Amino acid sequence: MLELIVISTLNGILFGMLLFLMASGLTVIFSMLGVLNFAHASFYMLGAFFGFQISRWFGFWPALIIAPLLAGLLGAAVERYGLRHVHKNGHVAELLFTFGLAFAIEEIVQIIWGKSPADFRVPESLDFPAFTVFSTNYPAYKIFMLAASIAIFVGLLIALKKTRIGLIVQAALTHPHMVGHLGHNVGRVFMMVFGVGTALAAVAGVIAGPALVTQSNMAALLGPILFVVVVVGGLGSLPGAFIASLLIGLIQTFAVSMNGSLAEVFGPLSPDYARTWLADIWNVTVAQIAPIMPYVLLVLILAFRPMGLMGTRDT
């Protein structure tokens, strides 16, 4: 039992930090531009495939730098030549634009790399057990994923709160005309923010690609839960996204490892109910409902705290 708790805690924190790597970029984009980017998970997928391709040519470490830069440049181009023109038509037009962009990126990825999983492997320099917990060897690559996520979180907080660039970006959101009168190019600031946000998603893709399966539907698999993280944490709140990521990661990881059911706790139903739908619910295990738990949490948050755990805007 103790081994299960320790391993599940480590895996839950790791999964939560992976979610934060993705959610951080989406949170930055929304907090600065007010755009809820439905194609954000697609840039995560692009990062994984860019990283896979570049790692075959130059190795993993150059791919970790080059792939996010390429995705960031692509994201900046999307903002400059797409979203900027759509923005004048309101948020619905922005949502529809990014929604269609997500489908377009998925189709392009399938055309270039196909539908089969890519052979994106952990780099040899990190392919060893970092330590042993009871009888389980914990991979060094997972520790690297955790350290990279924490470093990005700290770096984003410092950049947004303590640097001159962060102050200009935040001021451009609330007072764009004043920032423009001070000599700053507001359009360029917004383009940079969108590019950085998509680059962060690509970093998550490059790091998660070797640990998870790199395939053309990976955006659809993690995309929905990404918005759960952002809403639960609070739209636009980076610390909120961090807390929500860890919370959801731990909840889902522990739920998957639990096989308990109401039947085990309270005993079997009487024969009168054995053939009814109530018997099915009575015998469902916690592991079987683990995938829906984040969405149950989302419903509860929207019902009792619509602005999220640390948000300042109504969702």
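Author: Buried means under 20% relative accessible area, exposed over 50%, and partly exposed in between, with a 1.4 Å probe and protein chains only. This is a predicted model, in which local features need pLDDT of at least 70, side-chain atom pairs count only at pLDDT 80 or more, and totals for chains, interfaces and linings use all residues. Residues are numbered from 1 along each chain as its sequence is written, and side-chain values use heavy atoms, with hydrogens and water left out.

Reader: Why is Phe 60 called buried?

Author: Its relative accessibility is 7%, and the limit is under 20%, so Phe 60 counts as buried. Phe 144, at 18%, is buried as well.

Reader: What makes Phe 60 and Phe 144 an edge-to-face pair?

Author: Rings of Phe, Tyr and Trp (its six-membered ring) pair if their centres lie within 6.5 Å; planes under 30 degrees apart are stacked, over 60 edge-to-face, and the rest tilted. Here the centres are 6.5 Å apart and the planes stand at 75°, so the pair is edge-to-face. Phe 60 lies in helix α3 and Phe 144 in helix α5, so the pair ties together parts that are 84 residues apart in sequence. Helices (H or I, at least four residues) and strands (E, at least two) are DSSP runs, numbered from the N terminus.

Reader: How do you know that Arg 80 lies over the face of Tyr 81?

Author: A charge sits over a ring if NZ of Lys or CZ of Arg is within 6 Å of the ring centre and within 35 degrees of the ring normal. Arg 80 lies over the face of Tyr 81 at 5.1 Å from the ring centre, and Lys 142 over that of Tyr 138 at 5.6 Å.
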